[in-house]
Amino acid sequence: MSHNCFHSRQIGETYTPLVDKIPKEGKEEVDIHHRCFGYGWRMFLPCDAAYATKGRTNTRQEHPPPVSKAAMMYVYLLLAFLGYLVYQRSVRFANLSRVKTIVAHDPTLTKMETCRSAQLLTMLTDFPFLYTKSLEFGLYRTYAIPRISALLQHTRNLVDDEKVGRRYDDTDYILREAVERGGWSADQIANASGDQELLRGKRALERLNALHARWSIPNDDFLYVLSVFICEPIRWIQRYGWRPLDQVEKEVHFHTWSQVGVAMNMHSIPCTLDEMFAFNEAFEDKYMTLKPSNVVVSEATTRLFFTGIPSFMHPFGRQAVSALCDPRLRSAMSLSPPTIPYLEAILGKSLSLGAWVQRHLLLPRSRPSLRTAEKVDTHTGKYVGKWVSYIDTYPDGYKIEELGPKAYMHDGKMLPLGQKTDKSFAPRGTY
């Protein structure tokens, strides 16, 4: 009898038993061997072939090739990315939750410190870019009111290129001191206990009131500018933000700026946010019309906004400015509609895409975007801003009482909150 009752062949071929070739008298022995040891012989077959009977093919499964290190690295990266997305989703709305917690302790917003803390989390932490740009474009809306643009043209502070950057920084620093640092409301003043570092907002608004006291400005014009500071950020965030504002955040924003209006001696301030929007729209319907002064003032500010942008990009920049303005505002500033096809849609989709990335892929900011310095420089007694917007007006820092046009830089005049004017602030003109 042969030592091996199977032919040695390649895997996948048919193995035919040689029983038929064995003499008849030896078949019984082969059958016994087959039944007793057949399964054990499998491991000894050539090429580790599985046992197969006549007509059956080898069904042995090959071992899969080992996974490469590169493939495993991609798997780990995918798992890490999925874990990041889960974590990102869990913390993306953390600032909104903090705002609601803060307001829950003072639901009537009787304390300005409540408003300041919540405002920093919403406007300067979750939406710092849109907040700033909405106010910059809000300037155009004030320029589109002939009574306001006429005064600005008369003062030349927003007409002459060498003065425009300074006027922008003066306004920005004064209002940021009030909003970012606080210290001007009754509860904040009481908690400050006379510490001037905690009263920076109070000093800033006193300086602002002193600068405005030189001119006879109608209350309605003050109210309209205030309404722009309230309404425009809400509109921009609702249109381009990565999430809509919660009603609590809107009320905090409205209350914060309404109290700034009170500190600036405005009266007849609308009592609710809806009333403020209605006032804003009614005022524009009545007074937003084209006048030469609108164009003069807006052109100077547009040139400021193009600071640092290559000159060959300016024509496109002007078209982008026009695309981001509504038709009524374009008409009042003599802006032509954009000639680049679908530019409005492209800009809108680009901002929407940025909002989608921010909502679904980016972690939230952990700190507010503040421009004002934490503390005064002890050597110079000045505050050094954290960044430059367009022109570095105060490279060595500024003193709050020196903010304003150069002509009034060293007068140091401050008008106490609640005091309208006195003989030292004799109006220099009306319009």
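Predicted model: local features only at pLDDT ≥ 70, side-chain atom pairs only at ≥ 80, totals over all residues.
Close-up 1. The side chain of R214 meets that of D411 in a salt bridge, at 2.4 Å from N to O. R214 sits in the loop between α9 (200-212) and α10 (219-240), while D411 belongs to the segment after α16 (343-360), so this pair ties together parts that are 197 residues apart in sequence. D411 itself counts as partly exposed, at 31% relative accessibility.

**Close-up 2. E374 and K386 in the segment after α16.** Here we look at a salt bridge between E374 and K386, whose closest N and O atoms are 3.1 Å apart. Both E374 and K386 lie in the segment after α16, so their contact ties together parts that are 12 residues apart in sequence. E374 is partly exposed, with 48% relative accessibility, and K386 is also partly exposed, at 44%.

**Close-up 3. The pairing of K163 with D160.** A salt bridge joins the side chains of K163 and D160, with an N to O distance of 3.9 Å. D160 has a relative accessible area of 17% and is buried because the cut-off for that class is under 20%. K163, in turn, counts as partly exposed at 33% relative accessibility.

**Close-up 4. A network of salt bridges.** Take your time with this view: salt bridges link R141, E232, R235, E281, E284, D285, D326 and R328 in a network. For context, the structure holds 30 salt bridges.

Terms used. Residues numbered from 1 in each chain as written. Heavy atoms only, no water. Salt bridge = Lys/Arg side-chain N within 4 Å of Asp/Glu carboxyl O. Buried < 20%, exposed > 50% of the residue type's maximum accessible area, 1.4 Å probe, protein only. Helix = DSSP H or I, 4+ residues; strand = E, 2+ residues; numbered from the N terminus.
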